[in-house]
Every structure is written in structure tokens, then in C-alpha cells.
Amino acid sequence: MKTMNLDIQPIQSWIPNIQRPLIISGPCSAESEEQVITTASLLAETGKVDVLRAGIWKPRTRPGSFEGVGSVGLKWLQAAKKETGLPVAVEVANVKHVYEALKHGVDILWLGARTTVNPFSVQEIADALQGVDAIVLVKNPINPDLNLWIGAIERIAKAGITRIGAIHRGFSKYGPSKYRNEPNWQIPIDLMRTLPELPMICDPSHISGNRELLAPVSQKALDLNFHGLMIESHVNPSVALSDAKQQVTPVDFNTIVDNLILRDTTLADNSNPLGELRSEIDRIDDELLSLLAGRMQVSRDIGEFKKANNLTILQAARWEDILQKAIEKGVANGLSKEFIAGYLKSIHLESINQQTKVMNGEGVVVAS
Ligand code: PEP
Ligand code: MN
């Protein structure tokens, strides 16, 4: 489906004097007035924060976990805003949250991952935002679904919100992973391609789920030209009531941001080494495509043979053998096992599709 034409303001016009990247930081949850004010003041002292965040209503996976302090926390945020001069951001998940947050002078509202998945909730929030001059950020849905993310952004934008952005916080996955939420970078990259003017913020805290991965994930986001970062911080992370493992002290936050490298975002012209390297990549990509086309031709020939001899298309043992050999070779050449497996699976699927066409007597059109 065609994406709507959205009126989106550049991030520089949202808040005066912000430089790239926009940095949002603060606790996962507001827990007490003292925790909010102390964390906010220490963050403000670093001079590296543009916006303070805190969760007031917490969507928790299991009941019985800390579910947020509720509206009283908004007063603490108001006090922190007064003390530091920094704008504040909170998560809103329903209409009541929107009204309460706006009543308490919250500058930025964000929709959490568990809200973006539900078009009813998003639409209710969008309706409550009609005619309101707020900044709204939309986190990706929990599941890796680009259209659901775009749909939520469209609903909010249709309500007249023009200072709108997206937050990439990773996608859930069943089973072991080094991340709490898989980054699946291809999805935010596809969003950037679909809505190039949309400000993109990365939340390395919820992607990582631990402190160790915060720096590399933040750097990766900046290298992919994200406009900002949202990093959870707490005056004493080890006793945090939610997300204790991923929050950092304001001192550690300062170090992480200090060490980030901001690269040039302009496209270099073709006379320098980058231009030459890019032509080399284009040439190799062309070569890979012709090789793939050749491979598919062989697959179709195999399809003809299998059809004539009444053989099944999928021969599991043969496929397993191809996969194992390729992984072995790929790893020896410095490629990751996951990459080889993903790449071969995709090729294998296309081969099966092509062979199925041959079996069904459908022609495959190849331009000469
Ligand atoms: C949060 O930012 O604390 C939060 C609950 O995030 P998410 O919606 O990404 O899980
Ligand atoms: Mn959190």
C-alpha cells in the first residue's frame, strides 16, 4: 500500500539548539521524587542530555512487577524540568495518560512497543491528540512488522502532529539471543527509505538489555545515520525497580556518549577513495546477480530432470550437505554462520520456487 504524504518537521525545529544526535536519557521508571531529581540533575551536569525521560505507567510482561508510580510521578518530572530546564518525555498508552501528561507540561509523548502493536489503542491516542501541539515518538511494535510501525506513525500524523519521530527499540524473538530485543536493522533502514524525512531515534537500552552492549549498539545507530538516542539511566541502577540490568549511572552515560564517533553524513563525491570503493561494490553486486541468475538456470534444468523422472523437489539430505559445506567455507573466510545460513536459505527457497514453476509447466521469463 502507498504510504501517505505526511507533514513532518525536521528534528532541529523541535527543540531550540539541539545538535545531532538528540540525546534523551533518564530512568526506565520514575520511582521517587529524590531518584528523579537526582538522576536528572546529574544528567544535566554532563551537558550531554537534550531531553529527560521517565516511565510513569509501566507496561510489564507479568503482573506483580512494578507497574509505575502513576500520575504523582508527573509532578516529580515537572520539578526536574524546573530544576534542570530540560524538556521531559513520558510513555503514554491510553487517553488518560495523554491528558494527564499534557496537563503536567510533558513536552514529548512516546508510544511504547506494546501500544504500537494495537491499532485501536494508537487510534484512541491519535484522537486525543487532535489539535494538540506536542512532540510524539512512536516506538516500533514488539513484532518485526514494518507496516504496523508505519500505520501507527500515519495515525498520529493524521491527527495533525507534525513533530513526529520513530524510536527503534528492537523486536522480540523466542529463544536465546545476545540481545534483549533483536535489532533487525533492516526494518528501521526500510522505514528510513519509506519516510526519509522522519526523524529516527535508537533506544539501545531495550535492544541490549544489558550495559555492555549499549556503546556498540549506540555507535551502530549513529553509523546508520539515526538522528538521536534514548538511553536509560538511573542514579543507582542496581536497585532500579525495572530494567535494572540495562540502566547506567549518569557517569557511565557520560562516558558512553563521550566515546561515540559522529561521522560525516554527506555523500562523498566520486573522485575520492570512497567513490572508487562504491563503484567496486556496484561491480561486485552486478557480478553476484549474474551468478545468481546462472545458478537459477541450473536449478530450472534440475527441475526439468526431476519432472521427467518423477523426483521430489526437496531432498533434505542434499540441502543439509550444501548448507554445512557452505557454512564451513564461509566461516573459514571470515563470514558469520548466521549470514551464510540466511543467504543460502534465501537462495534455496528461490531455487525451489523456480523448480516448482518448471514442474507446473509455468514459464520463467528471462530477459536476454
Ligand atoms: C521503556 O521505554 O521503558 C519501555 C517500556 O519501552 P518499550 O516500549 O520499548 O518496551
Ligand atoms: Mn525500560
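**View 1. Pairing of strands β7 and β8 in the predicted model.** Strand β7, formed by residues 200-202, runs parallel to β8, and two bridges join them. Within this pairing, Cys202 of the model lies opposite Leu229 in β8.

**View 2. Pairing of strands β1 and β8.** Strand β1 covers residues 22-26 and is paired with β8 in the parallel sense. Five bridges connect β1 and β8. Gly26 is found opposite Glu232, a residue of β8.

**View 3. The burial of strand β8.** Strand β8 spans residues 228-232 and is mostly covered, five of its five residues being buried. Cover is present on both faces of β8. One side presents Gly228, Met230 and Glu232, while the other presents Leu229 and Ile231, and all of these residues are buried. Leu229, which faces Cys202 across the pairing of strands, therefore belongs to a strand in which five of five residues count as buried, that is, have under 20% relative accessible area.

View 4. A disulfide is a covalent bond between the sulfur atoms of two cysteines. The count of disulfides in this model comes to zero.

Methods
Residues are numbered from 1 along each chain as its sequence is written. Chains are lettered from A and ligands numbered from 1 in the order in which they are written. This is a predicted model: local features need pLDDT of at least 70, side-chain atom pairs count only at pLDDT 80 or more; totals for chains, interfaces and linings use all residues. Side-chain values use heavy atoms; hydrogens and water are left out. A disulfide is a pair of cysteine sulfur atoms within 2.5 Å. Buried means under 20% relative accessible area, exposed over 50%, partly exposed in between (1.4 Å probe, protein chains only). Helices (H or I, at least four residues) and strands (E, at least two) are DSSP runs, numbered from the N terminus. Two strands pair if DSSP finds at least two bridges between them.
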